[in-house]
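Have a look at the sequence and the model, then read on.

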Amino acid sequence: MAQPAVQSPKESRVVLSARGLTKTFGAFAAVKDVDLDVRDAQVHALIGPNGAGKTTVFNLLTKFLQPSAGSINLLGTDITRTAPDKVARMGLVRSFQISAVFPHLSVLDNVRTALQRPNNLSTQFWLPVSSLDRLNGRAEELLTAVGLIKERNTIAADLSYGRKRVLEIATTLALDPKVLLLDEPMAGMGQEDIGNVSNIIREVAKERAVLMVEHNLSVVSDICHHVTVLQRGEILAEGDYATVSQDPRVRTAYMGEEEA
Amino acid sequence: MHDMSDAVHTTKQKAELAQSRKTSTSYAVFLLAGFALLLIAPMFFYPIFLMKLLCFALFACAFNLLLGYTGLLSFGHATFFGGAAYFTAHAVKVWGWTPELGVLLGVAGAAVLGLVMGVVAIRRQGIYFAMITLALSQMFFFFCLQSEFTQGEDGIQQVPRGHLFGLIDLSVSTNMYYFVLAVFVIGMVVIWRFINSPFGMILKSIRENEARATSLGYSVARYKLGAFVMSAALAGLAGGLKSLVFQFATLTDVAWQMSGEVILMTLLGGIGTLIGPIFGAGLVVTLQNYLATSDFPVTIITGVVFMVCVLVFRRGIIGEFYASRFGRMLGFEHRH
Amino acid sequence: MTPLLQVSGLNAWYGESHVLQGVDMTIEEGEMITILGRNGVGKTTTLRTIMGILRERKGQITFDGKDMMNVPLHRTAHVGIGFVPEERGIFATLTVEENLMLPPVVAGNGMSLDEIYDLFPNLLERRSSPGTKLSGGEQQMLAIARILRTGVRLLILDEPTEGLAPVIVQRIGQVLKTLKERGMTVLLVEQNFRFASRVADRFYLMDHGQMVADFPVAQLPERMDTLHKVLGV
Amino acid sequence: MTMIFGIPIQALLGQLLIGLINGSFYALLSLGLAVIFGLLRVINFAHGAQYMLGAFVALLLLQYFGINYWLALFVAPAIVGIVGAVVERTMLSRLYKLDALYGLLFTFGLALTIEGTFRYLYGSAGQPYSVPSLLAGGTNLGFMFLPIYRGWVVVISLIVCIGTWLLIEKTKLGSYLRAATENAVLVQAFGVNVPLLLTLTYGLGAALAAFAGVLAAPIYQVSPLMGTNLIIVVFAVVVVGGMGSIMGAIVTGYMLGIAEGLTKVFYPEASNIVIFVIMAIVLLIRPAGLFGRDA
Amino acid sequence: QSASDEKVKIGILNDQSGVYADFGGKSSVEAAKMAVEDFGGKVLDVPVEIVDADHQNKPDIASNIARQWYDTEQVDAIMELTTSSVALAVQALSKEKQKINIVTGAATTELTGKQCSPYGFHWAYDTHALAVGTGGALVKQGGDSWFFLTADYAFGYSLEEQTSTYVKSAGGNVLGSVRHPLASNDFSSFLLQAQSSGAKVIGLANAGLDTANAIKQAAEFGITAGGQNLAALLFTLAEVHGLGVEAAQGLTLTEGYYWNLDDQSREFGKRFFERTGSMPNMVHAGTYSAVMQYLKAVEKAGTDGTEEVAKALHEMPVDDFFARNGTVGANGRMIHDMYLLQVKKPGESDEPWDYFNVLSTIPGSEAYIDPAKSGCELVQ
Ligand SMILES: Nc1ncnc2c1ncn2[C@@H]1O[C@H](COP(=O)(O)OP(=O)(O)OP(=O)(O)O)[C@@H](O)[C@H]1O
Ligand SMILES: Nc1ncnc2c1ncn2[C@@H]1O[C@H](COP(=O)(O)OP(=O)(O)OP(=O)(O)O)[C@@H](O)[C@H]1O
Ligand SMILES: [Mg+2]
Ligand SMILES: [Mg+2]
């Protein structure tokens with residue numbers, strides 16, 4: 001599936017960038033001096049061995065963790081000291097590695113919760129809930145796109161693990177973020193959904209930047225324009241998938257003898 | 001935090017249109033019937049008892065707004081209830097304000113207290129939250145115990161009920177009753193609207209998964225604080241009203257046992273149900289009155305009721321009713 | 001000879017929803033079995049029911065000739081079944097090493113601590129940090145490593161490769177083979193088909209709460225059609 | 001005479017020592033609370049009642065069976081511990097799968113019931129329990145008169161605190177318990193009899209409270225109300241120390257005892273809220289408490 | 001003329017399960033019943049009935065019950081009313097409903113001061129009487145330098161303040177005081193401060209468990225052995241019994257009644273003991289006396305009408321085993337003699353419950369505020 005999509009539109013602008021990003025936990029440096037540029041209309045993969053610091057980088061970028069050093073810039077604004085919810089409101093939204101849904105809300109309500117904010121329907125304590133019904137159209141559209149429409153009224157807790165991941169993606173997309181950070185979105189998904197979600201990501205990346213962590217290399221090679229390889233908190237290699245996957249250091253540290 | 005709602009969720013949510021229509025009709029019928037009953041109740045019951053019941057019912061509903069819909073268990077709500085009682089009593093007695101202004105001052109005072117307590121307590125969740133609110137309300141209790149304006153353990157006594165809007169004489173029992181009833185209904189409408197609003201939806205999401213709500217861009221602390229202050233203000237409404245009904249404000253209303261009592265009411269009625277706490281309050285108030293003249297020791301009975309409720313009727317009176325076959329037949333699906 | 005694990009007519013429920021609808025399955029001593037199936041068909045539920053974690057169940061489960069239906073959960077491990085849950089179950093208040101040492105050893109043929117650290121050097125490096133401060137993949141390693149110490153006879157693994165880097169996945173494949181050589185029996189649920197086909201002796205295909213097919217790895221080529229149909233790829 | 005803030009240093013020393021003695025009670029009580037909370041995730045509101053029970057059982061043992069203080073020091077906690085274990089087994093254990101708040105509410109009811117019953121049976125005025133003759137009297141330390149019994153309280157409570165801490169933090173048993181609070185089902189699946197462990201833990205926590213109660217009996221009036229208000233202060237101690245942190249509970253218990261003691265000298269009116277004030281400040285600066293791990 | 005409704009009903013409203021349950025409680029109800037029996041069970045040829053309720057120290061419950069009693073259960077008078085918030089609330093209500101209330105359980109002088117009622121009476125004791133009794137009388141016994149341990153709320157302040165006044169006017173001086181929070185368990189800190197003040201008397205301006213714990217710990221820290229005396233400002237026989245003579249020996253306190261005072265009081269004490277298992281304190285005896293006097297007043301007035309009975313109560317002198325030389329002031333205060341008592345040493349008491357030596361008798365006119373200076377608007 002060597003799609004033209006893998007060709008990266010080089011000229012697109014940088015929307016999220018980090019310089020000298022560092023995070024230490026006590027004496028242990030989980031992330032060391034990482035520079036990262038995430039571009040609009042690109043799928044950017046962050047890969048690397050377990051414990052390399054990928055999730056930590058996500059936590060830093062979304063401000064769930066405060067960097068020990070370095071700076072982060074989102075859409076021209078310095079967000080090094082901004083609160084996480086503020087960052088989300090500025091258009092940088094993430095998913096979680098261990099699935100995160102609102103367990104006792106229905107699938108539809110999960111998505112509507114996300115839709116409330118961009119539609120400015122979240123602080124009105126004087127309006128009836130039915131005022132949220134105008135979000136249904138968009139919510140159902142999203143659910144259809146990810147293939148969850150049949151379960152729209154199911155309580156999220158009753159979904160199987162894989163389906164929860166899918167719901168999480170729908171919820172994240174509902175915010176219509178400018179930059180999307182996905183932490184192992186395909187983990188635990190069956191083949192069917194992997195194909196489906198790959199398509200969705202490819203689709204949404206046409207208008208926004210996507211940074212994703214993924215261990216499924218066929219997905220990475222399929223949909224990612226740019227790959228950064230992290231090892232022990234540092235950048236080991238960078239480039240498109242073809243280049244990176246040929247790098248012997250990457251092969252020993254991460255891929256093993258897996259045929260690309 | 002999500003287990004709290006186990007008691008109030010059935011596994012499957014069937015939001016079929018017909019069902020929900022049936023539910024809302026049943027609700028409407030029930031509410032109208034209830035309201036009609038309250039209108040004629042003074043003909044059958046002792047008005048002061050009814051008024052006390054309404055005050056506590058409103059207090060419990062205000063408390064439930066926080067516990068049932070944000071999952072925050074406050075062990076310090078006596079502060080708002082009793083605090084407002086003092087403010088209202090003081091304003092009416094010492095400054096000679098009209099009763100409605102006095103009550104409004106109580107509400108405002110309680111809201112301010114809520115803001116102060118909230119800012120500190122909101123930083124923690126669950127049990128920590130409960131403990132912190134408890135400790136802060138103890139501080140307030142000691143403040144009231146020592147402060148001049150509360151008159152220590154004598155309390156502010158002989159508070160005049162005055163004239164509503166300067167016109168209606170509230171020392172007439174029936175007038176007072178309908179005033180209390182009106183305030184109660186307004187309070188309930190406010191609560192109902194609040195929980196069934198876009199804001200209320202976000203509160204539910206936050207209770208379900210805070211980190212996720214943050215990552216969606218909601219500043220969790222502010223929403224919680226909003227709910228906390230709202231709950232405090234409504235508890236204040238109930239407290240202010242009570243001080244006019246009984247014409248005094250005393251330390252019992254700010255003591256931590258009062259916070260325990262309101263929890264009991266809510267638990268008995270059904271956490272997370274709109275009208276459950278009304279029944280819970282009714283039961284507790286009746287029980288206390290009844291036990292007062294019986295030979296049973298009150299604390300033991302209260303304690304046992306508490307334990308039995310937690311162990312057996314976790315859903316509370318209304319919750320069990322909704323979940324029962326009869327409740328379902330009428331179209332009450334237990335949900336929120 | 002009786003099979004090590006025999007499951008027949010197994011039904012299980014989550015409250016009102018009837019998830020397993022008559023699962024039949026046999027595993028011989030020393031076999032490595034993989035259950036394949038789409039998301040939500042009941043794979044995890046099957047494992048949880050066999051373990052006795054989910055107790056709203058009917059049917060028969062015998063392990064080594066012993067009826068398991070009435071064995072309390074805390075005895076299951078002592079009978080000889082070990083479990084690695086899908087969500088890993090790492091304990092936050094315990095350090096990595098405490099996590100590792102937590103499950104009681106039930107028989108002598110488990111791996112030693114040194115062997116385990118050899119296998120997963122990441123864990124050695126982070127041995128004294130709190131369990132959940134590990135990265136996702138490290139937690140997965142820990143979850144697997146933890147059960148290898150105990151010396152159970154039947155190892156039940158729910159999606160062990162999820163979230164692991166390809167190198168580690170390969171290493172786990174080797175570990176499983178070694179274990180098999182030591183005589184251990186393994187029951188696996190996997191989404192990573194490539195991995196599964198490399199390690200398993202036999203497959204069960206699951207759909208709608210039932211086993212719809214089972215065949216040895218050798219028959220894989222001729223069964224590709226069924227596979228595609230059931231897995232929806 | 002040397003003065004500090006207008007208080008003679010001698011007097012100050014005395015007050016410090018008294019603070020330490022009271023801290024011993026806080027430490028013992030908050031330890032039990034922290035054990036139960038840390039391992040069962042239950043806020044044991046009945047802790048004050050169990051403390052009272054300890055004292056009462058000692059008193060009743062003396063009145064009806066002539067069992068002296070030394071024996072009561074073991075027997076009373078054992079009895080209360082067993083009662084606690086029974087309560088856990090038959091009732092509290094049903095609440096673990098629910099939110100921790102239900103545990104709090106249940107034990108709240110339990111506390112009311114126990115205290116109510118004792119008040120009903122024995123009135124609220126309280127009854128005396130005398131200091132064992134071996135520990136009667138006191139010594140003059142130069143700066144103050146120290147009742148020997150108070151010295152004994154400090155020593156024995158330190159020993160018990162450290163012993164419990166070792167048991168929980170340094171043994172396998174402890175790690176089972178800690179793991180079981182996070183995911184009991186999984187620990188059971190690993191082959192550990194978790195329900196039994198939890199029952200023992202609650203029993204231990206209750207026994208610790210009762211032990212403090214027996215220690216307190218010769219100092220305070222043995223009254224059904226003796227634990228009612230104390231428990232709230234102890235909650236605050238545990239919150240300051242960091243909920244669930246055993247060491248935190250112990251150390252903060254002693255520290256706050258001293259802080260309270262000093263307040264009684266410099267600004268006595270505030271001595272009952274000083275702990276709450278400290279708590280508020282600590283929470284603003286370190287939400288997880290002084291020794292707590294951030295969740 | 002006769003009773004309005006074929007029945008005279010008296011309500012005993014007090015704390016039966018809380019902190020004051022021993023202070024009055026169910027035993028007070030028993031005392032009231034004894035009074036009715038002693039009176040003959042009937043007045044003006046209609047039966048007398050006692051009803052009782054546990055107000056749980058909550059004014060709203062008390063107020064609720066009082067209303068119900070007055071409005072629907074034809075209760076004619078309510079008595080005892082432990083704790084000041086309850087007493088004040090019920091007195092206000094009784095005034096509004098024009099019913100008689102007699103307080104024996106609460107201490108506040110407000111009841112016969114600014115918040116007095118034409119139908120309200122205060123029977124057994126009040127803070128002023130306690131202060132005069134213990135403060136003034138003790139100085140005369142040689143306790144002329146004082147240090148106070150004061151509960152940090154209005155009740156404590158007023159006890160301390162009033163006592164200090166009488167200590168000073170009797171020629172003593174106050175060396176200092178320390179305010180301790182309500183319900184402090186540990187008093188050793190405060191006691192050490194009191195000890196180092198060198199005062200001869202340590203005045204305990206607190207109540208209930210606080211006082212008991214302070215006394216117990218004073219013994220523990222060798223304070224009483226060191227020559228300082230303790231004076232409890234509100235402490236009764238019931239609590240001394242709870243504390244035990246061992247710890248309480250030497251303590252001085254003031255009560256309005258002591259069972260072992262003379263034959264009359266002994267007679268009542270013994271009978272009360274047979275019915276309740278404990279000897280009465282001034283609240284129990286006071287409640288008996290109040291019921292008895294109320295019935296006498298009904299008889300005298302020839303009706304149970306409030307105005308008439310109140311008038312009779314104001315006019316009639318009180319002379320029974322409880323109140324010697326008792327008169328009722330226009331503010332409702334029943335003025336009678338008080339006793340300064342000292343707890344005996346363990347060897348000294350020769351029968352159970354024989355706890356006190358009587359140090360002196362304080363005449364009612366000294367013990368109580370002159371009604372004319374009480375601030376009550378009913379006194380001109
Ligand atoms: N809060 C923390 N405290 C201490 N160490 C931490 C913390 N968070 C992460 N680490 C450590 O930092 C390293 C990087 O973790 P991170 O979660 O970023 O890895 P990752 O690249 O996402 O790995 P994986 O692919 O397994 O998810 C790991 O070794 C982990 O143990
Ligand atoms: N706790 C639960 N309560 C109710 N229903 C549940 C629960 N857990 C799972 N289910 C339902 O049971 C069915 C089987 O779930 P199970 O987790 O066994 O699927 P799975 O095959 O393991 O899927 P996956 O590959 O996604 O892990 C699903 O339809 C799911 O929605
Ligand atoms: Mg990660
Ligand atoms: Mg699964």
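C:Glu125 and A:Arg232 join their side chains in a salt bridge, 3.0 Å from N to O; the term covers a side-chain nitrogen of Lys or Arg within 4 Å of a carboxyl oxygen of Asp or Glu. The count between chain A and chain C is one such bridge. Bear in mind that this is a predicted model: local features need pLDDT of at least 70, side-chain atom pairs count only at pLDDT 80 or more, and totals for chains, interfaces and linings use all residues. Residues are numbered from 1 along each chain as its sequence is written, chains are lettered from A and ligands numbered from 1 in the order written, and side-chain values use heavy atoms, leaving out hydrogens and water.

**Where chain A meets chain C**

- On chain A, 30 residues are in contact with 27 residues of chain C (contact means heavy atoms within 4.5 Å).
- Together the two chains bury about 2200 Å², with 46% of it on carbon and sulfur atoms; that is the accessible area (1.4 Å probe) lost on being put together, summed over both.

**The magnesium ion**

- Which protein atoms are the donors of the magnesium ion (ligand 4)? They're C:Thr44 (OG1) and C:Glu86 (OE), lying 1.8 to 2.3 Å from the ion; donors are N, O and S atoms within 2.8 Å of the metal (3.2 Å for Na, K and Ca), and with water not among the atoms, sites may look incomplete.
- C:Thr44 counts as buried because its relative accessibility is 19%, and buried means under 20% relative accessible area (1.4 Å probe, protein chains only).
- C:Glu86, at 12%, counts as buried too.

How values were computed: Buried < 20%, exposed > 50% of the residue type's maximum accessible area, 1.4 Å probe, protein only.
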